[in-house]
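Colleague: I would like to learn how to read helix packing and pockets in a model. Could you walk me through it?

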Amino acid sequence: MTRRTIAQACRAVLAAAAPADKVKAARAAARDWRLGRLAFAFDVAMPDRPARPDKPELLPPNRMPKRGKGGSERGRIALIHALAHIEFAAIDLAFDAAGRFGERFPRGFTDDWMQVGADEAMHFALLDRRLRNLGSHYGAMPAHDGLWDAAAETAHDPLARLAVVPMVLEARGLDVTPATIERFLAADDAVTARILTRILNDEVRHVRAGTRWFESACREKGFAPETTWQALVTRHFGGLLKPPFNDSARDSAGLSRDYYQPLAVD
């Protein structure tokens, strides 16, 4: 029997629309890769866009309702829902990176992004379960699709993808999550705070993986990593790099201030 390929497994994750199906496909793909059941072959293309469930309704960022500071239970649920949506999109981002760019890198690149995808599936499942414990569920509120916009913008260039997704978007999570944890602790929601602490620790590894592979590719091409990153972020990232930055977490992830300080704006 012909073994399923890594590209087929990644595409299956992106093709799954229902949250439970996507989590199941992600776990199966990561497990099969870890156990050597997938051929290291890239025989199918990744889709332009992943499948999405009917809910949540996807709105432009400027039409998203305000969700407050998270002090009330309703505000906390809205914030958890927003975080769950980020993790749901991150599942597709990780498997798209492995399936789209894996053949351009050593096998270790695929190792890393399959593990990242498994982590993101676990993060989503934890947040979705928390929403249900609070009487809500993923899809109960609108969300926006800005994360996939970044994937589409960088679909042609692995360096651009690494520069924008792990090294800008996930790094931003390192900046804002500690304050979010404190907000939940202040509201006596230690359960959600523990989930977010787990996510924060994992995201340091994800940013580290992105930085490591970005620097490896730059060395291979003879590019200066910091200035190359700054040029790619300027070209492909639509937002600004706004302080404050969690410099210690970024340093732990290998993302030094030499990268991002020149692009920081007040």
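Modeller: Contact here means heavy atoms within 4.5 Å, and helices (H or I, at least four residues) and strands (E, at least two) are DSSP runs, numbered from the N terminus. By class, the residues of this contact of α3 with α5 divide into 6 nonpolar, no polar and 2 charged. In that scheme Ala, Val, Leu, Ile, Met, Phe, Trp, Tyr, Cys and Pro count as nonpolar, Asp, Glu, Lys and Arg as charged, and the others, Gly among them, as polar.

Colleague: What should I keep in mind about the model itself?

Modeller: This is a predicted model, where local features need pLDDT of at least 70 and side-chain atom pairs count only at pLDDT 80 or more, while totals for chains, interfaces and linings use all residues. Residues are numbered from 1 along each chain as its sequence is written, and side-chain values use heavy atoms, with hydrogens and water left out.

Colleague: At what angle do α3 and α5 pack?

Modeller: Two packed helices are described by the angle between their axes and the distance between the axes. Axes are lines fitted to C-alpha atoms, for helices over the stretch in contact, and angles run from 0 to 180 degrees between N-to-C directions. For α3 and helix α5 (residues 146–153), the angle is about 15 degrees and the axes are 9 Å apart. That makes α3 roughly parallel to α5; the cut-offs are under 35 degrees for roughly parallel, over 145 for roughly antiparallel, 65 to 115 for roughly perpendicular, and oblique for the rest. The crossing of α3 and α5 is right-handed. A crossing is left-handed if the near helix is turned anticlockwise from the far one by less than a right angle, and right-handed if clockwise.

Colleague: How do the axes of α1 and α3 cross?

Modeller: The axes of helix α1 (residues 6–15) and helix α3 (residues 73–101) come within 9 Å, crossing at roughly 155 degrees. That makes α1 roughly antiparallel to α3, and their crossing is left-handed. From α1, C10, V13 and L14 meet I91, D92, F95, D96, A98 and G99 of α3. This contact holds 6 nonpolar, 1 polar and 2 charged residues.

Colleague: And how do the axes of α3 and α4 cross?

Modeller: Here the axes of α3 and helix α4 (residues 107–133) come within 8 Å and cross at roughly 160 degrees. That makes α3 roughly antiparallel to α4, again with a left-handed crossing. The contact of α3 with α4 has 21 nonpolar, 3 polar and 3 charged residues.

Colleague: Now pockets: which residues line the second largest pocket?

Modeller: Rolling a probe the size of a water molecule over the atoms shows where empty space is left. On a 1 Å grid over the protein atoms alone, a pocket is an open set of points where a 1.4 Å probe fits, with protein on both sides within 12 Å along at least five of seven lines, and lining residues have an atom within 4 Å of a point. The lining here is R104, F105, P106, P158, L159, W213, S216, A217, E220 and K221. α7 (190–221) and α6 (158–186) each supply at least two of the lining residues, and α7 gives the most, with 5.

Colleague: Which peptide bonds are cis?

Modeller: One joins K55 and P56, with omega about 10 degrees, and P56 sits in the loop between α2 (19–34) and α3. Another joins P243 and P244, with omega about 5 degrees.
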